[in-house]
Amino acid sequence: MRHLILLLLAITLLVSPVISRAEMTLLMAEEDGCMWCARWDTEISEIYPKTPEGHAAPLQRIDIHAAMPEGIALERPLYYTPTFVLLDNGQEVGRIEGYPGEDFFWGLLGVLLRDAGVPIETSG
């Protein structure tokens with residue numbers, strides 16, 4: 001019985017941080033022919049998953065004209081491509097409309113993450 005209790009305690013300690021941690025995602029709304037989306041792909045997409053920002057908020061791409069994936073709640077509709085929406089457990093907590101270039105992108109994303117309470121050392 002004691003071993004079972006210790007096992008359950010160990011499992012609880014391992015699982016608890018995962019359950020209580022917010023699930024951050026960076027949603028990228030794009031469309032075919034978007035030159036700014038292509039520029040973001042050239043300048044950022046390859047390195048994004050390797051950065052602290054990419055670890056804190058993994059990228060999820062959607063077509064701006066497609067139905068919104070289930071479980072995502074935006075504060076307002078998406079009109080421009082690219083639009084980057086920071087989601088906390090599927091709820092919008094901030095957005096960047098358009099792609100302002102590599103230097104400004106990292107700074108703006110850093111502000112969104114900071115305002116969402118994500119303590120990371122930013123890449124930009």
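Q: Where does R95 sit?
A: R95 is in strand β4, which covers residues 91-97. Strands here are DSSP runs (E, at least two residues) and helices are too (H or I, at least four), numbered from the N terminus. This is a predicted model, where local features need pLDDT of at least 70, side-chain atom pairs count only at pLDDT 80 or more, and totals for chains, interfaces and linings use all residues. Residues are numbered from 1 along each chain as its sequence is written, and side-chain values use heavy atoms, with hydrogens and water left out.

Q: Is R95 buried or exposed?
A: R95 has a relative accessible area of 12%, so it is buried. Buried means under 20% relative accessible area, exposed over 50%, and partly exposed in between (1.4 Å probe, protein chains only).

Q: And which side chain does R95 make a polar contact with?
A: That of E97, at 3.5 Å. A polar atom of the R95 side chain also lies 3.2 Å from the backbone oxygen of P77. A polar contact is a pair of N or O atoms within 3.5 Å; within protein, one must be able to donate a hydrogen and the other to accept it, and residues adjacent in sequence count only if both atoms are side-chain atoms.

Q: What else is R95 in contact with, leaving aside neighbours within four places in sequence?
A: Its contacts (heavy atoms within 4.5 Å) include L74, E75, R76, F84 and L112.

Q: Switching to aromatics: how many pairs are there in the whole structure?
A: A search finds eight aromatic pairs. In W40 and Y48, the ring centres are 6.3 Å apart and the planes are at 50°, so this pair is tilted. Rings of Phe, Tyr and Trp (its six-membered ring) pair if their centres lie within 6.5 Å; planes under 30 degrees apart count as stacked, over 60 as edge-to-face and the rest as tilted.

Q: What about W40 and F105?
A: They form an edge-to-face pair, 6.0 Å centre to centre with 75° between the planes. W40 is in helix α2 (residues 35-45) and F105 in helix α4 (residues 102-115), so the pair links parts of the chain 65 residues apart. W40 is buried at 0% relative accessible area, and F105 is buried at 0% too.

Q: Which residues form the aromatic cluster?
A: W40, Y48, F84, Y99, F105 and W106 form one cluster.

Q: Last one: what is the mean pLDDT?
A: The mean is 86, and 80% of residues reach 70 or more; pLDDT is the predictor's confidence in each residue, from 0 to 100.
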